[in-house]
Amino acid sequence: MSAARDVAAGLLAALARRGWTLAVAESLTGGLVTATLVEVPGASAVLRGGVVAYATDLKHSVLGVDAGLLERRGAVDPDVASAMATGVRRRLGADVGLATTGVAGPDPQDGHAPGTVHVAVATPASVLVRSLELPGDRAAVRAAACACALALAVDALADDA
């Protein structure tokens, strides 16, 4: 079992113990977080679904991220990650929302270097955001962003305990 899948299994178990559900909003990870979660048997008891909002306009129209925020700062921003997590939580009717946004590479985006990543988790009690500069090629950045998002959700649940 991969390290990320182990973390995903722990996250799903922690959510199940609370009777909570999870929804995921992904940009640069393109469904990798959701795929990692569904590798865990029994994930359907907790996971409501995932939204891949790769295009910036979908972050607004599907997830409810403020259009002005997207226009001022672009999609690669910690406040956008926070809004994505909050938006997917509301849109999919989940207790917890998890989100990723950033630049996987190989080229910069909106002035941000490859490896610039923001992950966020929204719980009933709080919203946590972690900003990262991840090394490696496109695949490595996406995999690390996935692992970091899952780890942040575990941390958020521990903080809410």
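## Strands E4 and E5

In this predicted model, the bridge partner of His118 in strand E5 is Ser131. Val119 likewise has a bridge partner in E5, namely Arg130. E4 and E5 pair in the antiparallel sense over seven bridges, and the two strands form a hairpin with four residues between them. Two strands are said to pair if DSSP finds at least two bridges between them. Strands (E, at least two residues) and helices (H or I, at least four residues) are DSSP runs, numbered from the N terminus.

On its other pairing, E4 is joined to E3 by six bridges, and these strands also run antiparallel. His118 takes part here as well, as the bridge partner of Thr101. Seven of the seven residues of E4 are buried, so the strand is largely enclosed by the rest of the structure. Buried means under 20% relative accessible area, exposed means over 50%, and partly exposed lies in between (1.4 Å probe, protein chains only). Both faces of E4 are covered: Thr116, His118, Ala120 and Ala122 are buried on one side, and Val117, Val119 and Val121 on the other.

## The sheet and its helices

E4 belongs to an open sheet of five strands with the order E2-E1-E3-E4-E5 and mixed pairing. Strand E2 (47–52) and strand E5 (127–133) stand at the edges with a single partner strand each, so one side of each has no neighbour in the sheet. Neighbouring strands of this sheet are turned by 10 degrees against each other on average, direction ignored. Helix H5 (residues 78–91) packs on the sheet and touches E1, E2, E3, E4 and E5; its direction makes about 145 degrees with that of E3. Contact means heavy atoms within 4.5 Å. Axes are lines fitted to C-alpha atoms, for helices over the stretch in contact, and angles run from 0 to 180 degrees between N-to-C directions.

Helix H6 lies across E3, E4 and E5, running at about 30 degrees to E4. The expected span of a helix is 1.5 Å times one less than its number of residues. For the 23 residues of H6 this should give 33 Å, which agrees with the 33 Å between its end C-alpha atoms. The buried residues of H6 are Val141, Ala145, Cys146, Ala149, Leu150, Leu152, Ala153, Ala156 and Leu157. Their cover includes H1, H2, E3, E4 and E5.

## Nonpolar cores

A nonpolar core is a set of buried Ala, Val, Leu, Ile, Met, Phe, Trp, Tyr and Cys residues joined through side-chain atoms within 4.5 Å. Of the 33 residues in the largest such core, Leu22, Leu37, Leu98 and Leu150 touch the most other members. Two or more residues each come from helix H1 (3–18), strand E1 (22–26), helix H2 (32–38), strand E3 (96–102), strand E4 (116–122) and helix H6 (138–160). The largest share of this core, nine residues, is given by H6.

Not counting residues up to four places away in sequence, Leu37 touches Ala8, Leu11, Leu12, Leu22, Val24, Ala43, Leu47 and Leu150. A second, separate core of 17 residues includes Ala23, Val51, Val80 and Ala81.

## Cysteines and the end of H6

A disulfide is a pair of cysteine sulfur atoms within 2.5 Å; by this rule the count is zero. The sulfur of Cys146 is 9.2 Å from the closest cysteine sulfur, in Cys148, which is too far for a bond. Cys146 counts as buried at 2% relative accessibility, whereas Cys148 counts as partly exposed at 21%.

Asp160 is in helix H6 and is partly exposed, with a relative accessible area of 21%. Leaving aside neighbours within four places in sequence, Asp160 is in contact with Arg18, Thr123, Ala125 and Ser126. The C-alpha atoms of Asp160 and Pro124 are separated by 8.9 Å, although these residues are 36 residues apart along the chain.

## The loop between E3 and E4

Pro106 lies in the loop between E3 and E4, and a cis peptide bond with omega of about 15 degrees joins Gly105 and Pro106. Asp110 is in the loop between E3 and E4 and has a positive phi of about 50 degrees although it is not a glycine. Asp110 is exposed, with a relative accessible area of 55%.

## Basis of the values

Residues are numbered from 1 along each chain as its sequence is written, and side-chain values use heavy atoms, with hydrogens and water left out. As this is a predicted model, local features need pLDDT of at least 70 and side-chain atom pairs count only at pLDDT 80 or more, while totals for chains, interfaces and linings use all residues.
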